[in-house]
Amino acid sequence: MRRPTSTIAAAGVVVLVPAAFIAVFFVFPVASILLRGLGGDGLSALADLATSPRQRGVLWFTVWQALVSTVLTLAVGLPAASVMARMGGRAQRVTRALVTVPFVLPTLVVAGAFEGVFDRFGLDAGAFRLRHTVWAILLAHVFFNYAVVVRTVGGYWAGLDRRLEDQARMLGASRRRTWWEVTLPRLRPAIASAAAIVFLFSFTSFGVVLILGGPRRATLETEIYRYAVTRSDFSTAAALALVQLVAVLALVAVATRLERLRPIHNRPGRVRRGALGARWVILNASVALVLLGTPIAVLVERSLVAGDGYGLANYRALATRVRQLPAPATIAIWNSVVFAIAATAMAVLVGTLASLVVVHGRRGLSRLFDLGLTLPLGTSAVTIGFGILIALDEPPLDLRTSWWIVPIAHALIGIPFVVRTMVPVLRSIDPRLREAAAILGATPSRVRREIDIPIGARGLVVGAGFAFAVSLGEFGATSFIPRRPENLTAPIALFRLLGTPGDLLRGQAMALAVVLMVTVAIVVMAIEMLRGSAEGGL
Amino acid sequence: MLTVEDLTVRFGATTAVDSVSFELMGDETLALLGPSGCGKSTLLRAIAGLQPIDGGRILLDDHDLAGAGPHERGVGLMFQDHALFPHRNVADNIAFGPRMQGIQPEARIERVAELLDLVGLPGFGARSVATLSGGEAQRVALARALAPRPRVLLLDEPLGSLDRSLRDRLVDELPGVLRAAGTAAIHVTHDHEEAFAVGDRLAVMTKGALRQTGEPERVWAQPATAEVARFLGHTNIIDGTDGLRVVRSDAAAVDEAGELAVIVIRSRFQGSDYDTLVRSSNGDELRLTLQERLVPGTEARLRLDETRVIALRE
């Protein structure tokens with residue numbers, strides 16, 4: 001077949017741009033970590049890790065807090081999933097959007113909100129102290145990941161044919177027996193998949209552990225940060241990052257596997273809604289309200305405290321520079337928005353091209369891209385930040401002082417979101433639509449323009465929204481980037497404010513957290529709405 | 001005029017289309033009849049340019065289509081499940097082909113209105129395709145396929161996804177629409193009644209090859225092989241001393257003086273006549289349409305109309 005040179009050139013751009021971006025800003029930094037970790041100093045650091053009781057303790061704590069977080073989240077989330085599964089279309093959509101808000105809140109905002117709760121209810125000291133305990137970390141993890149369980153399991157549950165339960169009851173099984181023998185076995189893949197994801201998120205949790213765990217609680221993530229940023233001991237940090245990388249890759253492999261095992265059940269409209277006990281609904285709604293609502297409400301309340309009453313003093317104070325910050329918090333917010341726009345633009349460009357390769361490329365290429373673009377999602381933000389710190393510090397790629405380093409790091413984290421929303425949309429386009437367009441006279445490039453791009457656009461908007469929200473709240477990777485006034489993002493400013501002892505800056509921190517939370521929440525609610533209408537048919 | 005010469009398509013070791021040759025004239029409709037998996041859809045896709053071919057030639061008005069992409073062939077294709085563009089309304093779906101041809105907006109609007117009239121959906125232009133019923137979507141798909149004035153229209157099981165009564169109605173309408181549009185068409189189906197109704201000519205395809213081509217009446221009355229006969233709805237294929245014979249279901253009548261003695265197995269009333277299963281004295285089972293009810297288990301005598309008993313070539 002004839003292939004005009006312009007087509008070949010275009011195909012080249014489609015493949016090369018994302019490949020180069022990922023190679024330079026992800027593969028190279030990760031390779032640098034590997035080299036450091038397995039190099040001379042790194043090996044001895046790695047050997048030290050194995051023998052040091054402190055590091056063994058860190059590793060053990062990382063694992064068990066993730067495990068307990070997962071069990072607790074399932075315990076709270078599964079009952080709620082049963083309610084969600086039987087809600088009507090609109091109610092389900094609204095609930096889904098509401099429980100998702102905590103999940104997408106910036107970690108620093110959540111950490112700040114829990115600090116606020118501890119302040120407000122006197123849990124910062126005494127017999128019921130939660131501040132700087134493992135309970136603070138576990139609570140925050142449940143707060144975050146509640147949505148993962150409710151959405152994954154609830155959505156799956158809603159698609160199950162309820163006639164099987166009816167049949168079991170008709171055959172003489174009690175309600176409990178039916179749940180145990182009919183419902184649970186069918187839910188198992190969804191539960192396993194949700195549990196794997198919650199474990200992964202808790203395992204790689206960074207901001208929450210750093211703030212809420214206090215100086216004595218350390219996981220692999222915070223330990224990498226301490227060695228790399230506080231002590232500038234790159235060899236030990238690289239050795240830790242290596243351990244982290246291997247663990248996370250294994251976890252991602254397991255999670256992906258479990259997700260694949262989950263058969264697709266989707267029979268919207270055919271599902272009969274069973275009656276739910278009112279007490280059950282009220283119980284779950286109360287749990288959700290207390291668990292998810294309290295930190296958010298207290299955060300807002302704390303931000304409004306002014307002297308002995310309430311007022312906007314804390315918000316006004318955001319415009320003035322305090323000693324702890326290189327610039328006023330308002331500038332940090334502005335920076336964050338600009339960074340988010342730049343990061344989203346990059347993520348959308350790279351992510352869209354890459355999605356086209358994943359969907360339309362030759363098999364090997366498609367696999368490679370699929371893997372290469374999903375890895376940053378699994379790799380923790382801390383690893384990405386650390387990799388960039390040690391890799392991009394020499395000419396010709398000395399980007400440490402460049403303005404672009406922040407949006408590039410954020411784009412890396414956003415790209416998987418774009419790819420993961422775009423690929424299913426592009427894949428779901430019936431190939432016959434393209435054939436029909438071709439038969440009706442559209443050239444191959446015209447087919448892309450007329451079919452793939454307009455249909456993929458909605459997926460793109462959703463992916464871009466996520467990339468934007470993630471960039472706004474990004475803390476892990478950004479915390480590794482050398483600090484300069486023009487680099488100051490809102491989460492970093494929040495970290496500094498929260499980390500300042502005493503009550504002096506607490507109010508300002510709460511106000512900043514509220515601003516960040518509201519911005520992200522608006523973006524996420526807009527995405528949910530778009531997504532909901534997309535599912536309802538075009 | 002479409003000419004297909006020795007067209008062959010292979011998928012690995014299997015030959016999906018095995019050196020098929022035929023011609024399609026002016027504005028005639030060829031009904032391509034075959035069981036599912038016989039290669040008829042692959043044949044259509046090859047003609048449309050969606051399926052690379054492994055041998056043979058496809059000529060449209062003596063012009064070889066080798067190397068021409070699907071968008072350059074002037075061939076139309078209508079898919080079984082419509083494949084309407086979900087992000088465009090009815091009018092924009094129909095206007096797609098003319099737009100690709102660079103036809104001006106005013107002329108496109110005119111063409112869309114003309115086609116909506118032709119398929120019996122005037123005023124549907126602004127409707128979203130998601131709101132169409134199965135039959136409406138089918139008509140829009142037909143209008144869209146006809147809009148760029150293809151020289152040959154390929155219809156891949158166009159009525160396959162519709163329910164019986166709607167299908168019957170469209171079977172009645174389709175030939176009229178195609179005639180009005182003045183297009184030659186290949187109508188693929190696995191239903192012999194549909195094939196009889198729409199085809200000016202009938203081609204029976206099994207296992208990748210064309211077995212018999214001709215006017216529907218002639219093919220039905222004189223099937224070339226037992227396989228073709230079975231596929232056309234003949235059930236009584238008898239292996240006699242002088243080779244295979246087909247006894248048409250309308251070949252017998254009850255007659256006391258008839259030469260054929262049978263035992264009645266069952267007799268089922270089906271409206272105007274009786275669907276009757278009998279066993280002849282030499283053990284052959286025959287399914288016949290008779291005018292009167294016979295009592296199962298009894299003996300009866302039948303007269304055979306020898307002009308309705310067909311000797312097969314193999």
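Which residues are buried in H1(B)? I began my notebook with this question, working throughout from a predicted model.

**Entry 1: helix H1 of chain B**

I looked up helix H1, which spans residues 40–48 of chain B, and found it mostly covered, with nine of its nine residues buried. The buried residues in H1(B) are B:Lys40, B:Ser41, B:Thr42, B:Leu43, B:Leu44, B:Arg45, B:Ala46, B:Ile47 and B:Ala48. I then checked what comes after the helix: H1(B) is followed by B:Gly49, which has a positive phi near 90°.

**Entry 2: chain B as a whole**

The secondary structure of chain B consists of eight helices and 18 strands. Its C-alpha atoms fill a box of roughly 75 × 45 × 30 Å along the principal axes. Of the 314 residues in chain B, 42% are buried. I also looked at contacts in chain B with a separation of 6 or more, and residues 24 or more positions apart account for 65% of them.

I noted that chain B is divided into two parts, domain 1 (2–221) and domain 2 (234–311). The C-alpha centres of these two domains of chain B lie 40 Å apart.

**Entry 3: the five-stranded sheet**

In what order do the strands of the open sheet of five strands in chain B stand? I read the order as E13-E17-E14-E15-E16, with antiparallel pairing. Strand E13 (252–254) and strand E16 (285–290) of chain B each have a single partner strand, so they stand at the edges and one side of each is left without a neighbour in the sheet. From one strand to the next, the twist averages 45°.

Strand E14 (residues 260–269) and strand E15 (residues 274–280) of chain B run antiparallel and are joined by seven bridges. Here B:Val264 stands opposite B:Val278 in E15(B). I also recalled a general point: in a regular strand the side chains alternate between the two faces of the sheet.

**Entry 4: a hairpin and its turn**

I turned to strand E9 (residues 201–206) and strand E10 (residues 209–214) of chain B, which pair in the antiparallel sense over five bridges. B:Thr206 stands opposite B:Ala209 in E10(B). How many residues lie between the strands in the hairpin of E9(B) and E10(B)? There are two, and B:Lys207 in this hairpin takes a positive phi near 45°.

**Entry 5: two further residues with positive phi**

I looked up B:Ser19, which is not a glycine and yet has a positive phi of about 35°. B:Ser19 is found in strand E2 (residues 14–24) of chain B. It counts as partly exposed because it has 15 C-beta neighbours inside 10 Å.

B:Glu157 is another residue other than glycine with a positive phi, here near 45°. I located B:Glu157 in the loop between strand E7 (152–156) and helix H5 (164–181) of chain B. Is B:Glu157 buried or exposed? B:Glu157 is buried, because 20 other C-beta atoms lie within 10 Å.

**Entry 6: where chain B touches chain A**

I then examined the contact between the chains. In it, 19 residues of chain B are in contact with 17 residues of chain A. On the side of chain B that touches chain A, strand E6 (75–78) and helix H2 (90–100) are the elements that give two or more residues. By class, this side of chain B has 13 nonpolar, six polar and no charged residues.

**Entry 7: the nonpolar cores**

Which residues touch the most other members of the largest nonpolar core? In this core of 159 residues, they are A:Ala140, A:Leu494, A:Leu512 and A:Ala513. Helix H6 (residues 134–159) of chain A gives the most to this core, with 17 residues. Leaving aside residues up to four places away in sequence, I found that A:Ala140 touches A:Val110, A:Ala111, A:Phe114, A:Val208 and A:Leu212. A second, separate core has 101 residues, including B:Leu44, B:Val90, B:Leu159 and B:Met205.

**Entry 8: an exposed residue of chain A**

Finally, I looked up A:Ala278, which is found in helix H12 (residues 278–303) of chain A. A:Ala278 counts as exposed because it has 8 C-beta neighbours inside 10 Å. A:Ala278 and A:Arg496 are 218 residues apart along the chain, and their C-alpha atoms are separated by 46 Å.

Key. Residues numbered from 1 in each chain as written. Chains lettered and ligands numbered in written order. Predicted model: local features only at pLDDT ≥ 70, side-chain atom pairs only at ≥ 80, totals over all residues. Pairing = 2+ DSSP bridges. Helix = DSSP H or I, 4+ residues; strand = E, 2+ residues; numbered from the N terminus. Axes fitted to C-alpha atoms, helices over the stretch in contact; angles between N-to-C directions. Domains from an automatic or database assignment. Contact = placed C-beta atoms within 7 Å. Nonpolar A, V, L, I, M, F, W, Y, C, P; charged D, E, K, R; others polar. Buried ≥ 20, exposed ≤ 12 C-beta atoms within 10 Å, placed from the backbone. Core = buried A, V, L, I, M, F, W, Y, C linked by C-beta atoms within 7 Å.
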